[in-house]
Amino acid sequence: AVEVLICMMMDRSISSAITVGFVSSLLLVSSSAFHGIISPSQQHRCSAYKTFIGASTSSSEENKPQNMDDINARLTKLGLALPPAGAPKANYQLLHRDGDLLYLSGHLPMKADGSLVVGACGEDLTTEQGYEAAQHCALNLLSTLNSYMESQGSDLSKVVKIIKLFGIVRSHSDFTEQHLVMNGASDVIGEVLGKDVGGSHARSAIGTNTLPLGIAVEVEMIAKIKSSD
């Protein structure tokens, strides 16, 4: 009966905040025994509505305020550490700010010891090794981002959203798993900054036959920060 009531309300386009809250509560005590008396289309809308309610609850949890201690704890749990912020390899800036948007130049897969991951995926490197190279790119991006935020008297906890990543993967002509390589960068940023801030970005991944210094991967980032910082 509860589910029938829900579907009736959805059919009538009742969408006020009070109704959503009421229906959300009713879902906690609903039974599937009444599926037989509503149409398949109504059942589909009910299912979609429950998914919406679940997503809203999950999003609420993810939107809890975080601080730098949260981020450092995630890094420790992952066995990772931010490397020292690097310097440009040519005539450009690592980061440019325009309002509340930060544009980060392509970052290299530099390890903690200063060495670079070099080679072409599908030839010198496997997809998994390319993935690891992309992880190093992500850590270096986060290091540059944190260094800038610290220069403004803040830290990574004031990052509102990672808007987009753009990855370039040095590839053999037959290699077609650039998207899997770039998961290394996406996964690190999502794990370190949290799913809502770091894990829901837009992304592009392309292959090329060569990159500067022979590196395997290069990754750019666009980030949004709190406008007061």
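I started at Thr 144, which lies in helix α5; helices here are DSSP runs of H or I with at least four residues, strands are runs of E with at least two, and both are numbered from the N terminus. The model is a predicted one, so I note that local features need pLDDT of at least 70 and side-chain atom pairs count only at pLDDT 80 or more, while totals for chains, interfaces and linings use all residues. Residues are numbered from 1 along each chain as its sequence is written, and side-chain values use heavy atoms, with hydrogens and water left out.

Is Thr 144 buried or exposed? I got 8% relative accessibility, which counts as buried (buried is under 20% relative accessible area, exposed is over 50%, partly exposed is in between, with a 1.4 Å probe and protein chains only). I then looked up its contacts (heavy atoms within 4.5 Å). Leaving aside neighbours within four places in sequence, Thr 144 touches Leu 94, Leu 95, Leu 104 and His 107.

Next I checked Ser 143, also placed in helix α5. Ser 143 counts as buried at 6% relative accessibility. With neighbours within four places in sequence left aside, Ser 143 is in contact with Leu 82, Pro 83, Pro 84 and Ala 85. Its side chain also reaches the backbone nitrogen of Ala 85 at 3.2 Å. I'd call that a polar contact: a pair of N or O atoms within 3.5 Å, where within protein one must be able to donate a hydrogen and the other to accept it, and residues adjacent in sequence count only if both atoms are side-chain atoms.

**Helix α4**

Which residues of α4 are buried? I found Met 68, Ile 71 and Leu 75. They cover an arc of only 65 degrees around the axis, which puts them on the same side of α4 (the arc is taken from the directions from the helix axis to the C-beta atoms). Their cover includes α5 and α6. On the face turned away from that buried side I noted the exposed residues Asp 69, Thr 76 and Lys 77.

I looked up Asp 69 separately and got 59% relative accessibility, so Asp 69 counts as exposed. At the start of α4, a side-chain oxygen of Asn 67 comes to within 3.0 Å of the backbone nitrogen of Asp 69. The C-alpha atoms of Asp 69 and Ser 157 are 8.8 Å apart, although 88 residues separate the two along the chain. Just after α4, Gly 79 has a positive phi of about 70 degrees.

**Helix α6**

What do the buried residues of α6 pack against? My list is α4, α5, β3, α7, β4 and β5. Those buried residues include Val 181, Met 182 and Ile 189. After α6 comes Gly 194, with a positive phi near 95 degrees.

**One salt bridge**

How many salt bridges are there? I count one, with a side-chain nitrogen of Lys or Arg within 4 Å of a carboxyl oxygen of Asp or Glu as the rule. Asp 196 pairs with Lys 161, their closest N and O atoms being 4.0 Å apart. Asp 196 sits in helix α7 and Lys 161 in strand β3, so the pair ties together parts 35 residues apart in sequence. Lys 161 is partly exposed, at 22% relative accessible area.
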